[in-house]
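Hi,

Here is the structure I promised to hand over. Have a look at it first, and my notes follow just below.

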Amino acid sequence: MCWFQIFLIVGLIDWLSCEESQHMTAEEKNTIRDRIVEMFDHAYGSYMKYAYPADELMPLSCRGRVRGQEPNRGDIDDSLGKFSLTLIDTLDTLVVLNKLDEFEDGVRKAVQDVRLDNDVVVSVFETNIRVLGGLLGAHVMADLLRQRGGRMQWYEDELLNMATELGHRLLPAFNTSSGLPYPKVNLRYGVRNPLSRTGTESDTCTACAGTMILEFAALSRLSGESVFEEYARKALDVLWERRQKGSDLVGTVINIHNGEWVRRDSGVGAGIDSYYEYLMKAYILLGDNIFLERFNIHYSAIMKYISQPPLLRNVHMHNPTVSARSWMDSLLAFFPGLQVLRGDLKPAIETHEMLYQVTKQHTFLPEAFTTEFRVHWGQHLLRPEFAESTYYLYKATGDPYYLRVGQSIVEKLNTYARVPCGFAAVQDVRTGTHEDRMDSFFLAEMFKYLYLLFTEKTQLPIDIDNYIFTTEAHLLPVSLSNTQLSCQGNKTETYPVALEEDLFIHTCPSTDTLFPNNPSFAKSIRDSYKYLTGVGRAVRPSPIREIELPLHDSGIEPVEFLKSMGISLTPLSDFSPGDTRREHKGVYRVKLVAEVKQTLEEEEVVPHVVQLISPPFLGRTVLTAGPAKFGMDLTKREHGVKGSIAKAFPYTACRPLENPAVLKGHIALALRGECMFAAKARWLQEAGAIGVIFIDHREGSNSEETPLFQMVGDGDSTDDIALPLVFLFSREGAVLTAALEEHHNVDVLLLPKARQLGHGKTDQPFINIKLRLSEDEDLEEEEESSGPTLKVLLDESEGLT
């Protein structure tokens, strides 16, 4: 068989051999570090001034976000428990940044003001990593400062006591037949209490169930109560046992009662990410080999099926050679950092460089982007995962290139996200519009990683190597592995096939081994992806499109095959004397007969509308809507779909509807978030709805500032969904819900924008009809009308009937 490679050349490219000038002086690092501290002061100071004791800061409104007092954002609000979330999440960051006075003041506020028994339903996952992790990290720091003397002498483990109380308030979520936790819990009433307003959920994400072990094990070992670690280990056992045995991959969503997979797409991003992270870090923190063995088996499967450097794809867990979708989400940006811990530097460098090139193209990492690096979801929530991986790669390589990457993050945050009252998330990276939110993880993680990136270990108030970072970047001491509990260990089966041993399966990576006398190692890997997205490439247009085919002399079969496709070939030796390229035996110049049509930068989205047609609107109120890639195709319905609207309950429609009688025969209104569009559509279809209008949960979003997008399915077949589905941004959705509240009975039309009632009437043929009584001058020429005219003259003597 003849093997050959095809190199596509779209222009004449100037190749200049030049070294990257990335060196950074100590003075420059200090300047950037001081800027990071100033940025943190601006963000934290704004929260304390405008928002505390609220959970989060609304940086555009300059006020706190209090749950129940702001429009409901669906599952996003499940992070808010009226427990001063941002303060607790930020406490150990204050220590890392050497703001010890502020830390002591923050601890006093938390002890005096924060209550954990609020009647509010919260996410078990978010409360664990942000609040429980924040309390534990702050307790560890407070205890350390107390032991040193001088500071925190008044502290008597109040934060640990609060963490223990919160742990007990989370435990009812684990009361399931499988051992996998419910996704939500009421802090006061638990799960199954009639007053809890939760407990009907049947599914949870893999990361939600598998990201408990660090915080729960640390709580057990610091408090002496083994129950927390036991529950967390049990959940990990279930996920391990339910992995797809053929591929060793896990899915994204699992049923908490029977352990069956609900969504079988598998990747390393949203829904799964921190499950893999916690297997590796549980081994580091607790010293239990079972976690490392499981991680290594999963990691081998990831590198076999998911990793396609520099991409990290999503595949079907049961058929991992088939891609599940054509886009990646920004949460996978943590994975290069995890690969550094694993000691697998080459793919870490490759994926990180790909992500850096995407930030160059779009300013920030979009919430999701396609495999061609176009925007899929334009939102950017100031997520820290890219900064996290940048920090790990710099610590592993010492390459100043990563300092420059960190510098670019700092500059972009200041330029594009900074506002007078803090830093605001970006609603869409294509427009740069802001969103009125500053999530607590921005203070907990982003500033911690950026500060550490530009700070020498000797400049820190703690020995950072003595701690492991949780997924929320809270600091837990690795010395906890010496604190043994009598809890039952994890169960696992004997592996039928031994893993192929490599250097780092049971050891931490060593830079001496990874980079033996070769400081340019990382650069040699990065250079292959330098112009991955096309940004920064120096190109001069060329009228000739060429393909070079290095073929063996005997390669006549592939040559003839290409000719049969309309491609003519000329040996390079036949080039004109002015051609400067060297002659290669068996290398041909290729002339393409057919032109290739360039793809559009963005996928075309057909605008749809929701048109209010009942009185008093009568078609005059038209709301721009986005379509779906599944469900009924409204472009093939001449007159659209008409119906009265009704609000789903629960509004997110992520579980069986409690008002099917109201929804039957109506077009349902449902809030975006908490689960996939396809899952909502199935529940609403089952309830008898004849259509669905999804409304964005992101406050203030609107079709004027944010490009429309097409809703996508959940990775599995959506052929069972027959409803028409459209999407309204928040501002347009508010118009519709306000109309429903005021008039109670509102009829709408769902249809493509080009077919809305009254649209394009002036383009239709028309006739002027004139009625008047006849008079003597009727025979005179009249002024021309703008169209055909039908004149009806009535004789006065005949009268009118």
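Met152 sits in the loop that runs between helix H4 (124-148) and helix H5 (158-170); helices here are DSSP runs of H or I with at least four residues, strands are DSSP runs of E with at least two, and both are numbered from the N terminus. Before going further, please keep in mind that this is a predicted model, in which local features need pLDDT of at least 70 and side-chain atom pairs count only at pLDDT 80 or more, while totals for chains, interfaces and linings use all residues. Residues are numbered from 1 along each chain as its sequence is written, and side-chain values use heavy atoms, leaving out hydrogens and water.

Back to Met152: its phi is near 60°, a positive value in a residue other than glycine. Met152 is also buried, at a relative accessible area of 1% (buried means under 20%, exposed over 50%, and partly exposed in between, with a 1.4 Å probe and protein chains only). Thr363 is not a glycine either, yet has a positive phi of about 75°. You will find Thr363 in the loop between helix H12 (345-362) and strand E16 (368-370), and with 23% relative accessibility it counts as partly exposed.

Most residues other than glycine have a negative phi, and most peptide bonds are trans. Another cis bond links Pro309 to Pro310, with omega about 5°; Pro310 is in the loop between strand E11 (307-308) and strand E12 (311-312).

Now for the sheet. Seven strands form an open sheet with mixed pairing, in the order E29-E28-E34-E30-E31-E32-E33 (two strands pair if DSSP finds at least two bridges between them). Strand E29 (621-625) and strand E33 (725-728) are at the edges with a single partner strand each, so one side of each has no neighbour in the sheet. From one strand to the next, the twist averages 35°.

Within this sheet, E28 (residues 608-612) and E34 (residues 747-752) pair in the antiparallel sense over five bridges, and Gln611 has Leu749 in E34 as its bridge partner. Helix H21 (residues 730-743) packs on the sheet, touching E28, E29, strand E30 (641-647), E31, E32, E33 and E34 (contact means heavy atoms within 4.5 Å). The direction of H21 makes about 140° with that of E29; axes are lines fitted to C-alpha atoms, for helices over the stretch in contact, and angles run from 0 to 180 degrees between N-to-C directions.

Best wishes
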